[in-house]
Amino acid sequence: MIIVLVGPPGAGKGTHGRRISAKRNLPHVSSGDLLRDAVERGTPLGLEAAEYMKAGNLVPDSIMLSWVEELLDKPDYVNGLVLDGFPRTVPQAEGLDELLARRGLAVDAVLHFDIDEKAAVRRLGSRVSCSRCGVVYNLISNPPDDPEVCGRCGGKLEVRDDDRVDTIRARFEEFRRLTEPMLEYYRSRGKVSVISTEGAIESVGSRVTAVLDGLRDRGDSESVAP
Ligand code: AMP
């Protein structure tokens with residue numbers, strides 16, 4: 001099964017991607033995490049991607065499509081995967097469809113994690129992460145004992161650049177400009193299920209489960225209410 005997760009920052013794609021991955025026994029592939037790792041290790045992909053990422057821009061579609069082509073040829077993904085953060089543009093979605101079609105495969109479901117900008121700012125604005133071990137806390141729902149010190153390793157807690165309000169607003173703008181049209185591409189093919197991200201993680205998780213469990217019996221795009 002090939003599941004694509006789509007959503008603006010703060011929608012919880014990463015959290016639910018990991019949950020779907022554990023529950024369905026499918027590898028979770030986050031393009032952002034893999035790119036950051038490639039940059040850190042200085043691989044050829046990392047060297048190419050670094051300048052775009054540092055400038056806060058999307059990595060060009062051609063680079064992303066070469067990356068996913070290589071990925072799809074790995075034996076780890078023969079049973080499917082949960083794609084988180086890729087595709088993000090219409091050319092990426094078209095390219096992915098083409099690569100899958102050549103392998104006799106297709107995207108089974110596109111889950112659109114819906115959140116409005118104000119709610120995302122509220123959610124991400126209360127997030128801090130450890131500069132040493134990377135663990136993430138939420139000052140409201142999962143607070144550290146000391147708001148400045150990591151309870152796990154003693155590292156300094158800080159707000160990630162990605163979580164600053166102006167960055168969140170810019171990423172929403174990018175989502176509207178480039179990713180909304182991609183959702184339309186998948187919607188016209190009957191692949192999109194909208195997941196409301198209101199409420200607790202468990203409630204959102206139940207909506208995801210309902211959509212994925214019902215996938216075979218259902219046809220076109222639909223919305224699962226909170
Ligand atoms: P993320 O953690 O998903 O926000 O991704 C971090 C950064 O990686 C983005 O700001 C982009 O520069 C790059 N990136 C991740 N996924 C993609 C993609 N599908 N297309 C282009 N750039 C991407």
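## Surroundings of the ligand

In this predicted model, the ligand is surrounded by 14 residues, the closest of which are Ser31, Asn57, Gly85, Arg88 and Arg171; a residue belongs to these surroundings if one of its heavy atoms lies within 4 Å of the ligand. Helix H2 contributes the most to this shell, with four residues, where helices are DSSP runs of H or I with at least four residues and strands are runs of E with at least two, numbered from the N terminus.

Several polar contacts, meaning pairs of N or O atoms within 3.5 Å, can be named individually. An N or O atom in the side chain of Arg88 is 2.3 Å from an oxygen atom of the ligand, and a polar side-chain atom of Arg171 lies 2.4 Å from a ligand oxygen atom. From the backbone, an N or O atom of Val59 lies 3.0 Å from a nitrogen atom of the ligand. The protein buries 90% of the 480 Å² that the ligand exposes when taken alone, with areas computed by the Shrake-Rupley method and a 1.4 Å probe.

## Nonpolar cores

The largest nonpolar core has 32 residues, and Val68, Leu96 and Tyr186 are those with the most contacts inside it. Such a core is a set of buried Ala, Val, Leu, Ile, Met, Phe, Trp, Tyr and Cys residues joined through side-chain atoms within 4.5 Å, and buried means under 20% relative accessible area, exposed over 50% and partly exposed in between, with a 1.4 Å probe and protein chains only. Among the elements that each supply at least two residues of this core are strand E1 (2-6), helix H5 (90-102) and helix H7 (165-187), while H4 gives the most, with seven residues.

Beyond its neighbours within four places in sequence, Leu96 is in contact with residues including Leu65, Val68, Leu83, Phe86 and Tyr186, contact being heavy atoms within 4.5 Å. A second, separate core of 20 residues includes Leu26, Val82, Phe172 and Val211.

## Cysteines

The whole structure contains zero disulfides, a disulfide being a pair of cysteine sulfur atoms within 2.5 Å. Cys130 is buried at 5% relative accessibility, whereas Cys133 is partly exposed at 30%.

## Basis of the values

Residues are numbered from 1 along each chain as its sequence is written, and side-chain values use heavy atoms, with hydrogens and water left out. As the model is predicted, local features need pLDDT of at least 70 and side-chain atom pairs count only at pLDDT 80 or more, whereas totals for chains, interfaces and linings use all residues.

Note on methods
A polar contact is a pair of N or O atoms within 3.5 Å; within protein, one must be able to donate a hydrogen and the other to accept it, and residues adjacent in sequence count only if both atoms are side-chain atoms.
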